[in-house]
Amino acid sequence: MDAQENSGQQQQAKDEHRIRTDSESSVDSLTRFVLPSLDGSPPKIVTLDDMSSMFKDLQNMELAHEIALNPDFKLQQYEPPSNSLEGAIKRNVHKAFWELLREQLERQPPSYDQAIGLLAEIKETFPQLLSRNKERIVAHINEVLDETVIQQQAERGLLDFRAYANFVINILSRSCCPARDEAVAKLREIEDVVDTFRSIFELMSLMKLDMANFMLTLARKEIAANSVEYEKQKFSKYMREYMGNGYSFPATEDWLQRHRAGSNVDETIYNAYMQLIDYPADKEFPELLQIDKDRFSGLSWRAQRLILCASLISIAQSTPIISQRRENRLELSKQLDIIVQDVKNQEQVATAIGSCYEQIRAFVNQALAKEQLPAMSEADQEALKNQVLKLSNKASPVPSLMAKRLDGYVRVALRSNGSIPPPPAGFVDYQEELVAFIASFRRLVSYNHAVFGEHFHQILNKTMQPQTEEAETSPAGDGIATGQAQTAKP
């Protein structure tokens with residue numbers, strides 16, 4: 001009987017140890033891989049650590065890029081999908097942890113092994129939640145949550161787990177941002193001590209995120225100011241160490257070569273940038289711009305929505321009640337803009353255009369009724385409908401004309417130094433969105449040109465013969481307006 005009890009206790013101890021173990025597997029970091037050569041030099045033998053270092057550099061470059069270009073960028077709490085294996089394991093491990101804590105506390109006499117480990121983890125976490133000038137608070141936390149003292153209290157049966165919970169809550173109330181005050185107040189209302197500590201851990205996890213984003217905010221200006229040079233250095237290091245002298249970017253080279261303008265490298269690059277506003281679906285996106293593919297895609301659809309709105313309001317002005325009443329035109333422009341705001345793929349275009357026709361027809365008839373004028377005839381409505389529905393085809397006359405006007409406008413703005421020209425005909429009612437679009441596109445192009453412009457020149461110079469020595473040594477920034485603020489959200 002005693003042997004069975006001892007065996008059961010040993011098994012229970014093993015189970016509890018397993019629950020408290022963070023990781024039970026390790027990766028052999030000395031595993032070697034062959035990195036193929038791209039320039040005829042011998043292939044490299046690299047370890048997993050070498051590969052991790054390489055990927056870390058690329059990830060850091062991507063992170064700096066995101067921070068510099070997106071002023072709203074914030075770190076977010078990671079949660080595995082609820083229906084994933086990772087999510088199921090996480091839920092089961094957490095459930096087992098808190099159930100074990102409750103079971104130990106309800107024993108007679110209570111067992112505090114899990115509770116002591118919990119308080120030790122809270123003690124280790126607090127320095128991550130506090131700014132560096134809070135040494136006195138950290139010292140106080142270390143004094144109260146001293147493992148030796150807690151262990152002695154547990155051995156004597158004097159450990160007051162609720163008192164420690166209240167201490168932690170008081171520290172959290174003095175350390176959290178105002179947005180978390182309500183969550184701290186709710187902690188005080190929880191009566192069950194296990195549920196209290198579970199909620200404490202959830203709140204501390206959110207406060208870690210708050211602190212990380214606070215540190216990101218402090219570093220944002222410096223990151224934005226130095227991100228171009230940082231990306232250039234990291235990219236050059238990657239090219240030098242892992243690609244040698246073989247620049248193998250076929251999609252980027254194809255993108256540039258399609259816009260070749262004789263031997264003028266800068267004009268070629270400039271024309272290639274312009275195609276990013278409406279990139280062909282059958283062409284692979286340039287590898288060197290892949291990090292911003294979603295941004296360029298978002299800008300492309302902003303441009304398409306602008307062209308669609310300008311086309312719609314142009315057609316609507318065929319009715320005098322719109323063309324001769326500025327207030328009517330402005331109000332209809334706003335309504336059409338709202339309808340097309342969610343258009344982000346080609347499948348949505350036809351539906352949006354149909355809705356726009358109904359809105360134009362209803363608006364025109366309402367405006368006519370207000371002035372006690374007869375409604376549109378069936379023939380006029382049918383003619384209006386036919387004109388509007390033709391906008392589904394980008395090659396039809398009206399959208400084609402508006403696209404050319406926008407293209408010319410962007411070309412002028414892209415080469416200007418800070419100033420943005422007046423909007424072209426048809427886009428006057430959408431000037432605010434047009435200016436925002438131009439600023440975002442110019443900023444994104446300028447940023448990428450500052451990072452990759454030299455590489456674009458090197459790619460083109462492999463197949464282009466410079467006309468003059470001056471052309472051969474022209475700086476990478478020619479033809480593209482630079483010096484723009486490097487924060488934007490397309």
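Predicted model: local features only at pLDDT ≥ 70, side-chain atom pairs only at ≥ 80, totals over all residues.
**Overall fold and surface**

- Taking contacts between residues at least 6 apart in sequence, 69% join residues at least 24 apart.
- The protein has an accessible surface of about 27700 Å², and carbon and sulfur atoms account for 50% of that area.

**Helix 4**

- Buried residues of helix 4 include Q114, A115, I116, L118 and L119.
- Further along helix 4, A120, I122, K123, T125, F126 and L129 are also buried.
- In an α-helix there are 3.6 residues a turn, so residues three or four places apart point the same way.

**Nonpolar cores**

- The largest nonpolar core has 74 residues, and the members that touch the most others are W255, L276, I360, F441 and F456.
- The biggest contribution to this core comes from helix 12 (residues 293-316), which supplies 13 residues.
- Apart from neighbours within four places in sequence, F456 contacts T252, W255, L256, I269, Y273, L288, L289 and H449.

**Salt bridges**

- The structure holds 16 salt bridges.
- One of them pairs the side chains of D192 and R102, at 2.9 Å from N to O.
- D192 sits in the loop between helix 8 (181-189) and helix 9 (193-243), while R102 is in helix 3 (residues 85-105), so this pair ties together parts 90 residues apart in sequence.
- Both ends are partly exposed: D192 has a relative accessible area of 28%, and R102 has one of 27%.
- R102 and D192 also belong to a network of salt bridges with D195.
- E454 and K232 form another salt bridge, with their closest N and O atoms 3.3 Å apart.
- Because E454 lies in helix 18 (residues 431-461) and K232 in helix 9, the pair ties together parts that are 222 residues apart in sequence.
- E454 is partly exposed, at 42% relative accessible area.
- In the salt bridge between R329 and D429, the closest N and O atoms are 2.7 Å apart.
- R329 is in helix 14 (residues 326-340) and D429 in the loop between helix 17 (397-415) and helix 18, so the link joins parts 100 residues apart in sequence.
- R329 counts as buried, because its relative accessibility is 15% and the cut-off for burial is under 20%.

Terms used:
Residues numbered from 1 in each chain as written. Heavy atoms only, no water. Core = buried A, V, L, I, M, F, W, Y, C linked by side-chain atoms within 4.5 Å. Buried < 20%, exposed > 50% of the residue type's maximum accessible area, 1.4 Å probe, protein only. Helix = DSSP H or I, 4+ residues; strand = E, 2+ residues; numbered from the N terminus. Contact = heavy atoms within 4.5 Å. Areas by Shrake-Rupley, 256 points an atom, 1.4 Å probe, with all protein chains shown as cover. Salt bridge = Lys/Arg side-chain N within 4 Å of Asp/Glu carboxyl O.
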